[in-house]
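Trainee: I am new to this structure. Can we go through the terms used for it, one by one?

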Amino acid sequence: MARNSEKAQSMLFRFREAQAADLGIIDAGRTRRPRQITEQDSIPACEKWRGQVLKEISRKVSRIQDPALSDYQIRDLNDEINKLMREKHMWEVQIRNLGGPNYMRKGGKVYDEAGREIPGGGRGYKYFGRARELPGVKELFEAAARAKQEENEKPLETRDDLRKQVDAAYYGYAPDEEDEKLLGYEAARERQAYENLAKAAAGLEPPPGWEPLPGDTGDGQGWELPTLEEVQQELIDRRRRRLLDQL
């Protein structure tokens, strides 16, 4: 009579077990995850495997916080977590390709089965828990933090990234800036705006104390702005009159 271990290795037993898992008769969590993720064609099965991967990630992230682990164990455990993160991403891609929900729209945040966010669950190789304090890794994080702080403390006029975005158009030297069609269009729009403003102000009285500038009264004179010497002389006269009033 065959032993239970020999039955478990038989082709018929494994076929029946896979068939029962597809039909939902047995728990798929007790079976081994398939390696060929792209060959899976069932959305519920893919979501079950994704949930199992999330449970393993949450369990290993909690374990990597253990202070009794050595540096070698922490590195191996961190590699395993990153491998599971890649597997989770592949399951999510397969679920999306099959027409299921798109779990990759959440901006790189990863949550376990209890709804807790797993830190460091973005793209690329990540360091979790005590792996951030490993020799060589800690210095990289400190150097990146210093570089980011120095970048934020730079004055705006010395930052090269802002200067690269400034071109001739920023200073008004854009191509076709002096095009005749453009200049004619701007002149027509200016006349239209002036006519609209004149119609809107027709019949309105100026406010008390209003002194029209030359050119506003329609006397044919252009704008006459005071020179710097005239402004200084006017300020001196006002100060002289104010001192005389105090005396």
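Mentor: Start with R50 and E92, whose side chains meet in a salt bridge at 3.1 Å, N to O. This is a predicted model, where local features need pLDDT of at least 70, side-chain atom pairs count only at pLDDT 80 or more, and totals for chains, interfaces and linings use all residues. Residues are numbered from 1 along each chain as its sequence is written, and side-chain values use heavy atoms, with hydrogens and water left out.

Trainee: Why is the pair R50 and E92 called a salt bridge?

Mentor: The term requires a side-chain nitrogen of Lys or Arg within 4 Å of a carboxyl oxygen of Asp or Glu. The N to O distance for R50 and E92 is 3.1 Å, and by this rule the count comes to eight salt bridges.

Trainee: What does the pair of R50 and E92 tie together?

Mentor: R50 belongs to helix 3 and E92 to helix 4, so the pair links parts 42 residues apart in sequence. Helices are DSSP runs (H or I, at least four residues), numbered from the N terminus.

Trainee: How do you know how helix 3 runs relative to helix 4?

Mentor: The axes of helix 3 (residues 43-63) and helix 4 (residues 71-97) come within 9 Å and cross at roughly 160°. That makes helix 3 roughly antiparallel to helix 4, a term for angles over 145 degrees. Axes are lines fitted to C-alpha atoms over the stretch in contact, and angles run from 0 to 180 degrees between N-to-C directions.

Trainee: What span does helix 4 reach?

Mentor: Helix 4 has 27 residues and reaches 39 Å from its first C-alpha to its last, close to the 39 Å expected. The expected span is 1.5 Å times one less than the number of residues.

Notes:
Helices (H or I, at least four residues) and strands (E, at least two) are DSSP runs, numbered from the N terminus. Angles under 35 degrees count as roughly parallel, over 145 as roughly antiparallel, 65 to 115 as roughly perpendicular and the rest as oblique.
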